[in-house]
Amino acid sequence: MMDNQDFNLDERLRNDTVKLASWPLSDVLLMNDSQYPWVILVPRRKDASEIYQLSDVDQRQLLQESVFLGQQIMAVYAGHKLNVAALGNVVNQLHVHHVVRFEGDAAWPAPVWGRHPVVKYSAAELANQINLLSQVAEKSWD
């Protein structure tokens with residue numbers, strides 16, 4: 001079983017995201033790309049790069065957090081499709097993307113990864129996104 005001792009968020013994730021919350025297993029991060037509502041779960045487990053490397057308990061917790069996050073952001077943004085993926089080809093640290101998609105968005109219907117250069121939120125847009133997601137991020141876990 002892996003633990004979160006000495007857990008450090010990958011520098012690329014740290015530079016490209018804004019932390020919204022810490023849930024029982026995962027940090028909840030908003031991707032700083034205004035083209036798509038995009039939230040990432042990062043399990044705080046040192047050296048984990050794949051879901052199967054998590055303990056059974058952590059796998060269930062990750063699924064619970066992912067399902068909750070997906071339901072909530074689809075409700076907040078009223079998207080057409082939710083893309084959920086744990087790619088790890090560039091950032092090896094285990095992280096699970098949750099991207100709300102809309103027909104006609106900048107990359108539709110293709111995947112968002114590498115499709116267009118990132119367009120960062122303005123300070124006002126970022127504050128608005130954090131406010132929109134505040135109730136999701138503040139989930140109380142039993």
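## Basis of the model

This is a predicted model, in which local features need pLDDT of at least 70 and side-chain atom pairs count only at pLDDT 80 or more, whereas totals for chains, interfaces and linings use all residues. Residues are numbered from 1 along each chain as its sequence is written, and side-chain values use heavy atoms, with hydrogens and water left out.

## Overall fold and dimensions

The protein contains three helices and five strands, arranged along the sequence in the pattern α-β-β-β-α-β-β-α. The radius of gyration of the protein is 15 Å, close to the 14 Å that the globule rule gives for 142 residues, so the protein is as compact as a globular protein of that length. Helices (H or I, at least four residues) and strands (E, at least two) are DSSP runs, numbered from the N terminus; the radius of gyration is taken over C-alpha atoms, and the globule rule is 2.2 Å times the number of residues to the power 0.38. Along its principal axes, the C-alpha trace of the protein spans about 45 × 30 × 25 Å.

## Surface and contacts

Of the 142 residues, 46% count as buried, where buried means under 20% relative accessible area, exposed over 50%, and partly exposed in between (1.4 Å probe, protein chains only). The accessible surface of the protein comes to about 7,900 Å², and 49% of this surface belongs to carbon and sulfur atoms; accessible areas come from the Shrake-Rupley method with a 1.4 Å probe, and for residues only the protein chains shown count as cover. Among contacts (heavy atoms within 4.5 Å) between residues at least 6 apart in sequence, 58% join residues at least 24 apart.

## Two buried residues

Thr17 is placed in strand β1 (residues 17–22) and is buried, with a relative accessible area of 11%. The side chain of Thr17 reaches the backbone oxygen of Leu13 at 2.5 Å. Leaving aside neighbours within four places in sequence, Thr17 is in contact with Leu29, Leu30, Met31, Asn32 and Ile40.

Tyr77 lies in helix α2 (residues 56–77) and, at 14% relative accessibility, counts as buried. With neighbours within four places in sequence again left aside, the contacts of Tyr77 are with Pro37, Val100, Phe102, Gln129, Leu132 and Leu133. The C-alpha atoms of Tyr77 and Phe102 are separated by 9.5 Å, and these residues are 25 residues apart along the chain.

## Backbone geometry in the loops

Asp47, in the loop between β3 (38–43) and α2, has a positive phi of about 70 degrees although it is not a glycine, and at 64% relative accessibility Asp47 counts as exposed. Ala78, in the loop between α2 and β4 (81–85), has a positive phi of about 50 degrees although it is not a glycine, and Ala78 is exposed, with a relative accessible area of 55%.

The peptide bond from Trp108 to Pro109 is cis, with omega near -5 degrees, and Pro109 lies in the loop between β5 (96–101) and α3 (123–137).

Terms used: Polar contact = N/O pair within 3.5 Å; in protein donor to acceptor, adjacent residues only side chain to side chain.
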